[in-house]
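Here is a short briefing to read alongside the model. Keep the 3D view open and follow the points one by one.

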Amino acid sequence: MNEGSIDQRKIKKGLKYSLLVSVIALVLLFSLTINEETFLQIKRVNSFYLLLAIVINFLMWVVGGLRIKLITNALGEEISLKFAIKNFLVGAFISNVTPFASGGGPIQVLLLHRKGISLGKSSTVIIVQFVIRLLFFSILSPLFFFLFSDLISSGVIPEEIFNLLILLSLSISAIMIYFIWKPDKIKVLTERLRNLRFLQGLMKSKKANQLIDKLYKEMEDFHESLWQLTKYKKSSLLLAVFFTIIFWVLFFIIAPVILLGLGVKPYFFRAFIIQTIFYLIIPYMPTPGASGAAEFGFATLFSSFVPSSLVGLLAIVWRFLTFYLVIIFGGVILFRMIAKSVVKKIG
């Protein structure tokens, strides 16, 4: 890894902001929902289920790594499962400290490239995962929304705003899938934007043109690699889809298992449905790691079937497993990689 390509100052700044907002949100949630019942429930916590939730979380990381290894191998490259898991965790860490999770993909591409894999193939590995994730949520969310609307509650969020957020998220996902599938349309769109008078100054700038050319080239390379995968490596692609489903099933049963530990009915199916809707929207939240929106959004959606005295506690445990553990493990791995890289350079 070329430490010069990683802006440590920005990472540390994003990390501080992400943690600060998350901690404030959790403290607020806990203080708003705490009562005598909360303390009684803490004393009665079943540690077996909390341990099980931790194991499921670690298993989810392994599945995330397996998916990266599988797609990489399908492209004719070899990486170890250990490296793939590290790649997954570092990507998740950077996603949690950058707005719109925008830094996770590029750092994963960089780490794969440093293993001797071409930039085109490295980008394909990460974009294939991204597209499968987009399809997973873009297909399931509207299905759940229309078939099980009685199980979905917007909580304290006005229903109109909640529905608008779902519609906007689905629209953005559909547009991204379309441009990935038809990269030549990016050029068509660019030409049309260039003809708009109020955008002419911006679109003619050297930086904007470089960005557009790079985006188009990446999409073209990805499209070609995806075509090769669908033609010659269908089984690998189907396995990647399978691992994506397993990954999100594991992710979505963590909260119900915590509820079991707190002595509350878990509502596995309902929790799966509302988290599918939640994770369709959450990537478009602008704060690093979606901090603030993630804590309050999660608590709001679960408050429809979880006792109010336990919502804040549930959010704290859930966020610790799915966010803080990634911050700890992913951060340690990344900064150790940077330190090793610096030592090698000095040596």
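Helix α6 covers residues 119–147, and its 29 residues should span 42 Å at 1.5 Å a residue; the end C-alpha atoms are 42 Å apart, so expectation and model agree. Please bear in mind that this is a predicted model.

**Start of helix α6**
- A side-chain oxygen of Ser-118 comes to within 3.2 Å of the backbone nitrogen of Lys-121 at the start of α6.

**Aromatic pairs**
- There are 29 aromatic pairs in the structure.
- Take Phe-136 and Phe-137: their ring centres are 5.0 Å apart and their planes meet at 80°, so this pair is edge-to-face. Planes over 60 degrees apart count as edge-to-face.
- Both Phe-136 and Phe-137 are buried.

**The largest nonpolar core**
- The largest nonpolar core has 92 residues, and Tyr-279 and Phe-302 are the ones that touch the most other members.
- The most residues in this core come from helix α14 (residues 308–346), which gives 16.
- If you set aside neighbours within four places in sequence, you will find Tyr-279 in contact with Arg-133, Phe-137, Trp-248, Phe-251, Phe-252 and Trp-318. Phe-137 in that list is also the edge-to-face partner of Phe-136.

**Charges over rings**
- Lys-115 places its charged end over the ring of Phe-83, 4.9 Å from the ring's centre.
- Arg-319 lies over the face of Phe-323, with a distance of 3.9 Å to the ring centre.

Methods
Residues numbered from 1 in each chain as written. Predicted model: local features only at pLDDT ≥ 70, side-chain atom pairs only at ≥ 80, totals over all residues. Heavy atoms only, no water. Phe/Tyr/Trp six-rings, centres within 6.5 Å; stacked < 30°, edge-to-face > 60°. Buried < 20%, exposed > 50% of the residue type's maximum accessible area, 1.4 Å probe, protein only. Lys NZ or Arg CZ within 6 Å of the ring centre and 35° of its normal. Helix = DSSP H or I, 4+ residues; strand = E, 2+ residues; numbered from the N terminus. Expected span 1.5 Å × (residues − 1). Polar contact = N/O pair within 3.5 Å; in protein donor to acceptor, adjacent residues only side chain to side chain. Core = buried A, V, L, I, M, F, W, Y, C linked by side-chain atoms within 4.5 Å. Contact = heavy atoms within 4.5 Å.
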